[in-house]
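Notebook open, model loaded. I wanted a quick look at the overall fold and then at a few charged side chains.

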Amino acid sequence: MLGVTRDGDVITIELQREERRNALNADLVDQLRAAVLEAVNQGARAIVLTGRGPIFSAGADLSGVYSEDFLTGLLDMLHTIESVPVPVISAINGGALGAGVQLALASDLRVIEPDAYIAVPAAKLGISVDRWTVRRLVSLIGGGPARTILLGAESVSAADAHAYGFANKLGTLADAKDWAKSIAALAPLSLQAMKLVLNDDGTRDPASVQQRAALEAAWTSEDAQEGRKARQEKRPAKFLGR
């Protein structure tokens, strides 16, 4: 489900689950975490993440994500990406939804194709995202745009994602790789030090008891079951708030 290629000091990791629109399941999450760590062990000085086919990632594979194990594995993978000592660039093609946006948020830099988009449709599914995701999105683009994406459940065009500051550049995978090459030539210890400071943005602070309870309530709710069923039946969900 992953392809790994190397060009000098740059390693590119490609999601290769096209039949599921590169949706993340437990196996792919584990493989991605291992591939990032292995790239660092192999001496990569920059890592590029991308998705094969028409979309970067459609998010979590909703056929198997309603479990604590998946959520724990997903967060471990995201925290690994933000913690490795080399810059990670997400090259977003087509679109990034839900967990695909989370993958981009964990990366240090983001290059998005001009016709791509991002969205976090959690409220359309009766579920929620965790504190880390909310705070990282706010730290990147500000509270107003973050509320539009999360509370409005609206998709955002590449142009707006760039204007908000979510995307650092508009461009293709080739552009992302070229940028990674130039970054890989910079001083590694300087980049590591700055990455540590940039990611010290309060996103790792523990959730309050109330926040944790609200997150768990959303994931275990009847609304979450209704959201999943409605998606399978391709109809609007009817949420009742329980």
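Where does glycine 202 lie? I found glycine 202 in the loop between helix H9 (188-198) and helix H10 (209-219). Helices here are DSSP runs of H or I with at least four residues, strands are E runs of at least two, and both are numbered from the N terminus.

Ground rules, before going on. I am working with a predicted model, where local features need pLDDT of at least 70, side-chain atom pairs count only at pLDDT 80 or more, and totals for chains, interfaces and linings use all residues. Residues are numbered from 1 along each chain as its sequence is written, and side-chain values use heavy atoms, with hydrogens and water left out.

**Entry 1: the whole chain**

I looked up the secondary structure and got eleven helices and nine strands. For the 242 residues, a compact globule would have a radius of gyration near 18 Å, and the protein agrees with its 17 Å. That radius is taken over C-alpha atoms, and the globule rule is 2.2 Å times the number of residues to the power 0.38. Along the principal axes, the C-alpha atoms fill a box of roughly 55 × 35 × 35 Å.

Next I checked burial. Of the 242 residues, 47% are buried (buried is under 20% relative accessible area, exposed is over 50%, partly exposed is in between, with a 1.4 Å probe and protein chains only). The protein exposes about 11600 Å², and carbon and sulfur atoms supply 53% of that area; the method is Shrake-Rupley with a 1.4 Å probe, and for residues only the protein chains shown count as cover.

I also looked at contacts (heavy atoms within 4.5 Å). Among those between residues at least 6 apart in sequence, 71% join residues at least 24 apart.

**Entry 2: back to the loop**

Glycine 202 is partly exposed, at 24% relative accessible area.

**Entry 3: arginine 136**

Is arginine 136 buried or exposed? I placed arginine 136 in helix H5 (residues 131-141), and it counts as buried at 3% relative accessibility. Leaving out residues up to four places away in sequence, arginine 136 touches Glu82, Leu105, Ala106, Asn199, Asp201 and Thr203.

One of those contacts is a salt bridge: the side chains of arginine 136 and aspartate 201 meet at 2.8 Å, N to O. This pair links distant parts of the chain, with arginine 136 in helix H5 and aspartate 201 in the loop between H9 and H10, 65 residues apart. Aspartate 201 is partly exposed, with a relative accessible area of 27%.

My cut-off for a salt bridge is a side-chain nitrogen of Lys or Arg within 4 Å of a carboxyl oxygen of Asp or Glu. The structure holds twelve of them.

**Entry 4: arginine 235**

Which residue forms a salt bridge with arginine 235 at 2.7 Å? I found glutamate 226, with 2.7 Å between the closest N and O atoms. Arginine 235 is partly exposed at 29%, whereas glutamate 226 is buried at 16%. The side chain of arginine 235 also meets that of glutamate 233 in a salt bridge of 2.6 Å, N to O. Glutamate 233 is partly exposed, with a relative accessible area of 45%. Elsewhere, salt bridges that share partners join Glu82, Arg136, Asp201 and Arg204 into one network.
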